[in-house]
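Reader: I'm new to this one. Can you walk me through it?

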Amino acid sequence: MDASSAAASLRLRKVVRQRLESLHRAGVTHLVLPEAAASAAAPRPGEAAASAPVEREVAPAPAPPSAGEDRVAALRVLQQEVAACTRCAALAGSRTQTVFGVGNPNPRVVFMGEAPGFDEDKKGEPFVGAAGQLLTKIIENGMGLKRDDVYILNTLKCRPPNNRNPAPDEVENCRGFFEQQLDILRPEYIVCLGAVAAQNLLQTKLSVGKMRGRFLDYRGVKVLVTYHPAYLLRAPEEKRKTWEDIQFLMRDMGLMSDAERS
Ligand code: SF4
């Protein structure tokens, strides 16, 4: 097997494993393979053929997403799964809708926040309130990109009542969704906005202050941790630190000229 076939095989196995985990979380505990079904249905010598139909349902194994349409299709399937999710009964009962994520399906950088707030819950899109406007300014005025160039998602897909922090069991319920989302998007960089995103993505208890200013690693993707825009609105004196973090990211992305670096 050559290197590209081996890589494709690895990707396929990863997608199949994720799909099986997803089905397991959805309550599917048994799959009947076509060969096994055919063998079970075949009569032994001297036996009459079994009259009962043999279950032949097999979960389809999606091809590994690559770019463009494949990613859009994979994201759409996952989004439908999220929209039907009721694992956190309280959140599912109080939400207006799930808030999946938005942006470029082939992004260099993904911004990851905490959970939908009031405005996001109403609109079904992450970061659309006051904090979202600040994030857009960071992306467009600070980085010189368009909001549509990046992808934006949250750790949790449903709004916690009164904007409280997500509970640990809610994050664990939703972990498979954001992990699959990031696996489909396969960005070069993930910017974690605030402690909830950073601590749950990286599975650490470190504070934002201890994690910012360097790249951390998530499955081979460079992760930058900085403050959540909602926190910056409450503590504007911290905006300078976030701007330093964003400049650090821009330098690595090649978005700053030599003159700007000096
Ligand atoms: S927060 Fe995530 S796991 Fe919980 S109900 Fe919403 S989509 Fe499902």
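Reader: Let's start with the ligand. How many residues surround the ligand, and which are the closest?

Author: This is a predicted model, where local features need pLDDT of at least 70 and side-chain atom pairs count only at pLDDT 80 or more, while totals for chains, interfaces and linings use all residues. Residues are numbered from 1 along each chain as its sequence is written. 15 residues surround the ligand. The closest are Cys-85, Cys-88, Cys-158, Asn-173 and Cys-174. A residue counts as near if its C-beta atom, placed from the backbone, lies within 6 Å of the molecule.

Reader: Which elements give two or more residues to that shell?

Author: Helix H4 (89–94) and helix H7 (168–185) do. Helices are DSSP runs of H or I with at least four residues, strands are runs of E with at least two, and both are numbered from the N terminus. H7 gives the most to the shell, with four residues.

Reader: How does the shell divide into nonpolar, polar and charged?

Author: Nine are nonpolar, three polar and three charged. Here Ala, Val, Leu, Ile, Met, Phe, Trp, Tyr, Cys and Pro count as nonpolar, Asp, Glu, Lys and Arg as charged, and the others, Gly among them, as polar.

Reader: Back to H7. Where is its kink centred?

Author: On Cys-174, with a kink of about 45°. The bend is the angle between axes fitted to the seven residues ending at a residue and the seven starting there. Cys-174 is also one of the closest residues to the ligand.

Reader: And how far does H7 reach?

Author: H7 has 18 residues and spans 25 Å from its first C-alpha to its last. That is close to the 26 Å expected, taken as 1.5 Å times one less than the number of residues. Just after H7, Arg-186 takes a positive phi of about 40°.

Reader: Which residues of H7 are buried?

Author: Among them are Glu-170, Asn-173, Cys-174, Phe-177 and Phe-178. Buried means 20 or more other C-beta atoms within 10 Å of a residue's own, exposed means 12 or fewer, and partly exposed is in between, with C-beta atoms placed from the backbone. Across the chain, buried residues make up 30% of the 262 residues.

Reader: New topic. In what order do the strands form the sheet?

Author: Six strands form an open sheet in the order S1-S3-S2-S4-S6-S5, with mixed pairing. Two strands pair if DSSP finds at least two bridges between them. Strand S1 (102–103) and strand S5 (215–218) are the edges, each pairing on one side only.

Reader: Why is S2 called largely enclosed?

Author: Because five of the five residues of strand S2 (residues 109–113) are buried. Val-109, Phe-111 and Gly-113 point one way, and Val-110 and Met-112 the other. In a regular strand the side chains alternate between the two faces of the sheet.

Reader: What does S2 pair with?

Author: S2 runs parallel to strand S4 (residues 189–193), joined by four bridges. Val-109 has Tyr-189 as its bridge partner there. S2 also pairs with S3 in the parallel sense, over four bridges. S1 and S3 pair in the antiparallel sense over two bridges.
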